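I opened this entry to keep track of what I looked up. The notes follow the order in which I checked things.

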Amino acid sequence: MIFMKTFILILHAFFFASIASAQNQELPRAKKSDSRYWLLGLGLSIQNMYDEGISYVRYTGTGIAPSLGLIKSSEKKYCQFLLQPTFNKLTTERSNELRPMDVRTTRFVLDYQYLVNVKEWDGNLKLYAGGNISLLFNLKRAEQLDNSQLLYDYALSLGPAAKLDKTVRWNKRDCLASFGLSVPLLSHIARPYYLNRIEFIDPENDFLGDLFSNSSIVSVNKNLRITSGLSFTYPLFNKNALKLGYTWDFYKMKTINSVYAAVHLISISFLSNY
């Protein structure tokens, strides 16, 4: 138990230290291909969920997905820090006026990705590979269910990541088409155990203490998550850029019960060069 708590503290410290490093790290400006951007985006989130802690039906719905990030890239490496919350209202086909079955979700994803150039073909096609640290927290509110009205999914994950970039000439500009993939191998996960919900009846109950007491360190057998994405970046005349993207983010988490969730995210982002 002491070893597990120590490992968790080290994993969290490493995660936030990586974010701080991403903020402070300076990349050389000697080459024209080196670039740094602030990312500000807005998207449409389409979420599907099957959570045994709520009910044995499938929920689906749409919502908004703002995003804020920092990108640093050079010929040899690519770093990205991304904060992406989504706010969805989910419902099911079994819902009606007498039996409303709505679930409101507030989902936060905080990612730090570090990749290096491992292969290049003719200067137009590049393969990057490295690692990804991801913090996922999904808070769900089903007010019509007294015994499962408030619960969450939490996962801090570490695993490999890769990105394939293709330079495309369009409208007299060198645009960038990209495909990315990440799959965590080691995760620290938690879901509420007591009646499948966060317990507030006991005034001495501590939410963070409850979260960590219910947590465990697992691999893909208990937390399978696959994140893939396609994007197209169009450079502007002032060294800024516009980015169109599609992301598919799926996870299956198993504790005392199981949850399956998938998000389709369509977004447009403004990249501000600095």
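I began with Asp 249, which forms a salt bridge with Arg 107, the closest N and O atoms being 2.9 Å apart. I take a salt bridge to be a side-chain nitrogen of Lys or Arg within 4 Å of a carboxyl oxygen of Asp or Glu. Asp 249 lies in strand S11 and Arg 107 in strand S4, so the pair ties together parts that are 142 residues apart in sequence. Strands here are DSSP runs (E, at least two residues) and helices are too (H or I, at least four), numbered from the N terminus. Both Asp 249 and Arg 107 are buried, where buried means under 20% relative accessible area, exposed over 50% and partly exposed in between (1.4 Å probe, protein chains only).

I noted the ground rules: this is a predicted model, in which local features need pLDDT of at least 70 and side-chain atom pairs pLDDT 80 or more, while totals for chains, interfaces and linings use all residues. Residues are numbered from 1 along each chain as its sequence is written, and side-chain values use heavy atoms, without hydrogens and water.

I then looked up the salt bridge total, which is 9. Asp 51 pairs with Arg 191 at 2.8 Å between the closest N and O atoms. Asp 51 sits in strand S1 (residues 35–51), and Arg 191 in the loop between strand S8 (186–190) and helix H2 (207–213), 140 residues apart. Asp 51 is buried at 0% relative accessible area, and Arg 191 is buried at 2%.

Next I checked Glu 75, whose side chain meets that of Lys 126 in a salt bridge (3.0 Å, N to O). Glu 75 is partly exposed at 25%, whereas Lys 126 is buried at 15%.

I turned to Thr 92, in the loop between strand S3 (77–90) and S4. Thr 92 is buried, with a relative accessible area of 11%. Its side chain reaches the backbone oxygen of Arg 58 at 3.2 Å. Beyond neighbours within four places in sequence, I list Val 57, Arg 58, Tyr 59 and Met 101 as contacts of Thr 92, a contact being heavy atoms within 4.5 Å.

Last, I looked up the largest nonpolar core, which has 18 residues, including Met 49, Tyr 59 and Val 103. Such a core is a set of buried Ala, Val, Leu, Ile, Met, Phe, Trp, Tyr and Cys residues joined through side-chain atoms within 4.5 Å.

How values were computed:
Polar contact = N/O pair within 3.5 Å; in protein donor to acceptor, adjacent residues only side chain to side chain.
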